[in-house]
Amino acid sequence: MPRKNPKLWYSTHKEEVLKYQKEYQEKNKEKIRETKRRWREENKAELKKKKHQYYLENKEKISNQKKEWVKANKERKKETDRKWREQKLRENPRYFTDKKREWIKKNPEKHSIHLRVQKYKRRAAGCRNNEKGRMSKIFSDLVLEKLREQEYSCLYCGTDIKTTYTIDHIVPISKGGKNEIENIDLVCSHCNSLKGVKSKEEFLLLSLDT
Ligand SMILES: [Zn+2]
């Protein structure tokens with residue numbers, strides 16, 4: 001049957017067309033799926049480019065969506081992470097050890113701070129006001145800031161202490177000093193052992209005498 005006006009024909013046969021389409025799709029499910037798959041395969045590079053383009057244009061949105069998802073699916077995220085770690089370890093039992101070593105090599109300054117903070121925290125564990133957990137990150141940031149302020153040199157003798165500094169209490173803990181950044185100097189281990197349990201004031205007076 002020749003259709004003189006397809007648009008008009010379609011408007012009067014809408015139901016019929018939809019029904020036919022649905023039947024066709026149902027009957028040719030596999031064929032359609034295969035065609036779609038082939039099309040994706042043939043346009044792989046183009047699709048990848050488009051996807052990347054979309055990512056670049058919506059970076060923030062995507063990052064926020066991910067964060068929201070993680071927030072709403074904490075348990076699932078934990079489980080996926082656990083499985084991922086297990087898989088990595090199966091592939092290479094030294095995976096995380098190697099990664100850690102790599103990171104330390106790239107971030108010697110941060111690693112040194114981490115070690116020192118660990119040591120400091122162990123020392124401070126006896127202190128009443130020590131808040132464990134959150135303290136580590138905040139304190140290490142403060143130490144890094146102080147280290148920069150001191151231009152990476154010992155406060156007493158000026159030796160370079162970028163990776164070898166020790167934490168010294170201006171007023172020793174034994175004399176009522178607190179485990180707080182305000183009560184801390186970063187010094188070399190030599191000066192630290194010379195100062196011992198003297199306060200900064202006592203130590204400076206003593207070094208003026210000699
Ligand atoms: Zn020194």
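Buried residues make up 10% of the 210 residues in this predicted chain. Along the principal axes, the C-alpha atoms fill a box of roughly 115 × 40 × 30 Å.

**Fold and confidence**

The chain has 11 helices and 2 strands. Their order along the sequence is α-α-α-α-α-α-α-α-α-β-β-α-α. Among contacts with a separation of 6 or more, 48% join residues 24 or more positions apart.

The mean pLDDT of the chain is 85, and 90% of the residues reach 70 or more. Residues 126-130 fall below 50, and this stretch has 5 contacts in the model beyond near neighbours in sequence. Where pLDDT is low, the predicted coordinates should not be read in detail.

Helix α2 covers residues 14-27. From its first C-alpha to its last, α2 reaches 20 Å, close to the 20 Å expected at 1.5 Å a residue. The number of buried residues among its 14 is 0, so α2 lies largely in the open.

Helix α4 covers residues 44-57 and has 14 residues. Its span is 20 Å, close to the expected 20 Å. The number buried in α4 is 0, so this helix too lies largely in the open.

**The nonpolar core**

Which residues touch the most other members of the largest nonpolar core? They are Tyr165, Leu186, Val187 and Cys188, in a core of 14 residues. The elements that give two or more residues to this core are α8 (108-124), α9 (135-149) and β2 (184-187). In soluble globular proteins, nonpolar side chains tend to be buried together.

Leaving out residues up to four places away in sequence, Cys188 touches Cys154, Cys157, Thr159, Ile161, Thr164 and Tyr165. Two of these partners are cysteines, Cys154 and Cys157.

| Residue | C-beta atoms within 10 Å | Class |
|---|---|---|
| Glu151 | 10 | exposed |
| Tyr152 | 15 | partly exposed |
| Lys162 | 12 | exposed |

Why does Lys162 count as exposed? Lys162 has 12 other C-beta atoms within 10 Å, and a residue with 12 or fewer is exposed. Tyr152 has 15 such neighbours, so Tyr152 counts as partly exposed.

The backbone at Glu151 and Tyr152 deserves a look. Glu151 is not a glycine, yet its phi is positive, about 55 degrees. Tyr152, also a residue other than glycine, has a positive phi near 60 degrees.

Not counting residues up to four places away in sequence, Lys162 touches Glu109 and Tyr152.

Methods: Residues numbered from 1 in each chain as written. Predicted model: local features only at pLDDT ≥ 70, side-chain atom pairs only at ≥ 80, totals over all residues. Core = buried A, V, L, I, M, F, W, Y, C linked by C-beta atoms within 7 Å. Buried ≥ 20, exposed ≤ 12 C-beta atoms within 10 Å, placed from the backbone. Helix = DSSP H or I, 4+ residues; strand = E, 2+ residues; numbered from the N terminus. Contact = placed C-beta atoms within 7 Å. Expected span 1.5 Å × (residues − 1). pLDDT = per-residue confidence, 0-100.
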